[in-house]
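Colleague: Could you take one part of this model and go through it closely? Please also show how the rest of the chain relates to that part.

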Amino acid sequence: MTAVVSDVQPSLPDKPQPVNVSFNSSASGSAVFIYVTNHGRAPLSAFMLLWRSSQTNGKLKDVYVDACLDHMPAWQPGHQWAKDLGLPIANVGLQVQVGAALFSDGSTWGDPHRLAKLIQHRGNCKWPGA
């Protein structure tokens, strides 16, 4: 049974969005690369991606990326997180967006429900680089 989490109100306004996501295909079109860019003023320590494609049968999936849990440095302002999804560009209906973000200065951004889930996922992690 999954615990119910209370929504968390973000400390940063909805606009301008401090984190954005983009994707493109490889030169051969055989894979899709995703990029998340930190446009905020503080290092980005965690974020939640919302993903939907034919591989998820059109259902929205949450993907957590957390520098604290992965014991890596947070992404500085202007820096990107990148991942090869290994999917062909022909994967019709690929949709990816950022649902929530945590910054190293304690600021938060995103949908209140997704932000609560991201904070819950992190737990008590205190990695110094994040």
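Modeller: Helices here are DSSP runs of H or I with at least four residues, strands are runs of E with at least two, and both are numbered from the N terminus. The model is predicted.

Start with helix H1. H1 spans residues 112-122. Its buried residues are Arg114, Leu115, Ala116, Leu118 and Arg122. What lies over them? The cover includes four strands: S3 (44-52), S4 (61-66), S6 (95-103) and S7 (108-110).

Now the two ends. Asp111 caps H1 at the N-terminal end. One of its side-chain oxygens sits 3.1 Å from the backbone nitrogen of His113. After the helix comes Gly123. The phi of Gly123 is positive, near 65 degrees.

Is Arg114 buried or exposed? Its relative accessibility is 18%, so Arg114 counts as buried; the cut-off for that class is under 20%. The side chain of Arg114 has a polar contact, at 2.9 Å, with the side chain of Asp62. Asp62 is also among the residues Arg114 touches beyond four places in sequence.

Which cysteines form a disulfide? Cys68 is joined to Cys125, with 2.0 Å from S to S. The pair ties together distant parts of the chain, 57 residues apart. Cys68 is in the loop between S4 and strand S5 (80-84), while Cys125 is in the segment after H1. The link is left-handed, with -105 degrees about the S-S bond. Both cysteines are buried. The count for the model is one disulfide.

Ser107 sits in the loop between S6 and S7. Ser107 counts as buried because its relative accessibility is 13%. Its side chain makes a polar contact of 2.6 Å with the side chain of Asp105. With residues up to four places away left out, Ser107 touches Ser11, Leu12, Ala101 and Leu102.

Pro43 is in another loop, between S2 and S3. Pro43 has 19% relative accessibility, so this proline too falls in the buried class. How far is Pro43 from Ser104 in space? The C-alpha to C-alpha distance is 5.5 Å, although 61 residues separate the two in sequence. Ser104 is one of the residues Pro43 touches beyond four places in sequence. Phe103 is another, along with Asn38, Ala74, Trp75, Gln76 and Pro77.

That leaves the sheet containing S5. Three strands make an open sheet, ordered S1-S2-S5, with antiparallel pairing. S1 (19-25) and S5 are the edge strands; each has a single partner, so one side of each lacks a neighbour in the sheet. On average, neighbouring strands in this sheet are turned by 15 degrees against each other, direction ignored. S2 (residues 32-38) and S5 run antiparallel and are joined by five bridges. In S5, Lys83 stands opposite Ile34.

Back to H1, in brief. Asp111 caps one end, and Gly123 follows the helix. Arg114 is a buried residue of H1, with a side-chain polar contact to Asp62.

Conventions: Residues are numbered from 1 along each chain as its sequence is written. This is a predicted model: local features need pLDDT of at least 70, side-chain atom pairs count only at pLDDT 80 or more; totals for chains, interfaces and linings use all residues. Side-chain values use heavy atoms; hydrogens and water are left out. Buried means under 20% relative accessible area, exposed over 50%, partly exposed in between (1.4 Å probe, protein chains only). Contact means heavy atoms within 4.5 Å. A polar contact is a pair of N or O atoms within 3.5 Å; within protein, one must be able to donate a hydrogen and the other to accept it, and residues adjacent in sequence count only if both atoms are side-chain atoms. A disulfide is a pair of cysteine sulfur atoms within 2.5 Å. Two strands pair if DSSP finds at least two bridges between them. Axes are lines fitted to C-alpha atoms, for helices over the stretch in contact, and angles run from 0 to 180 degrees between N-to-C directions.
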